[in-house]
Amino acid sequence: MPNRFSEQIEQILAPVVGDFMAKMAVKAQCKSLGITPDNITIAHLPDLAQKIGDAMAFMGKREQSESIVGRIQGLR
């Protein structure tokens with residue numbers, strides 16, 4: 001059963017990087033935190049948002065990264 005946070009993060013990312021890359025980004029950044037997308041909790045959101053934002057900036061999406069970080073951190 002998909003985690004609601006992973007689904008919401010993927011929905012935030014998909015318009016910028018596409019559906020497939022959004023799923024892969026969530027999976028990769030979760031792995032770097034030692035969790036899986038199915039195990040994301042509200043406590044993981046600040047660190048996960050920052051990691052995803054850093055990755056987006058690295059990919060040349062710096063303008064969108066700040067907005068994405070804020071939206072992920074605001075999930076409840």
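Visitor: How many helices and how many strands does the chain have?

Guide: Four helices and zero strands. Keep in mind that this is a predicted model. From the N terminus on, the elements run α-α-α-α.

Visitor: OK, and what's the radius of gyration against what a compact globule would have?

Guide: A compact globule with 76 residues would come out near 11 Å, and the chain has 11 Å, so the two agree. Along the principal axes, the C-alpha trace spans about 30 × 20 × 20 Å.

Visitor: What share of the residues is buried?

Guide: 36% of the 76 residues count as buried.

Visitor: Let's go inside. How many residues are in the largest nonpolar core, and which have the most contacts there?

Guide: That core has 20 residues, and the ones with the most contacts inside it are Ile9, Leu13, Ile40, Leu45, Ile52, Ile68 and Ile72. The elements giving two or more residues to this core are α1, α2, α3 (45-58) and α4 (62-73).

Visitor: Which helix gives the most?

Guide: That's α1, with six residues.

Visitor: Pick Ile52 for me. What is Ile52 in contact with, skipping neighbours within four places in sequence?

Guide: With those set aside, Ile52 is in contact with Ile9, Leu13, Gln29, Ile68 and Ile72. Across the whole chain, looking at contacts with a separation of 6 or more, 54% come from residues 24 or more positions apart.

Visitor: Switching to charges: how far apart are the mean positions of the positive and negative ones?

Guide: They are 2 Å apart, counting 9 positive and 8 negative charges.

Visitor: And Glu10, is that buried or exposed?

Guide: Glu10 counts as buried because its relative accessible area is 16%, under the 20% cut-off. Glu10 lies in helix α1, residues 4-17.

Visitor: Which residues does Glu10 contact, again beyond four places in sequence?

Guide: Glu10 is in contact with Ala22, Lys23 and Val26.

Visitor: One more. Where is Ala25 found, and why is Ala25 called partly exposed?

Guide: Ala25 is found in helix α2, residues 19-33. The relative accessible area of Ala25 is 23%, so the residue is partly exposed; that label covers values between 20% and 50%.

Visitor: What separates the C-alpha atoms of Ala25 and Lys51?

Guide: They sit 9.6 Å from each other, while the two residues are 26 apart along the chain.

Conventions: Residues are numbered from 1 along each chain as its sequence is written. This is a predicted model: local features need pLDDT of at least 70, side-chain atom pairs count only at pLDDT 80 or more; totals for chains, interfaces and linings use all residues. Side-chain values use heavy atoms; hydrogens and water are left out. The radius of gyration is taken over C-alpha atoms; the globule rule is 2.2 Å times the number of residues to the power 0.38. Buried means under 20% relative accessible area, exposed over 50%, partly exposed in between (1.4 Å probe, protein chains only). Contact means heavy atoms within 4.5 Å. Lys and Arg count as positive and Asp and Glu as negative; His and the chain ends are not counted. The place of a charge is taken as NZ of Lys, CZ of Arg, CG of Asp or CD of Glu. A nonpolar core is a set of buried Ala, Val, Leu, Ile, Met, Phe, Trp, Tyr and Cys residues joined through side-chain atoms within 4.5 Å.
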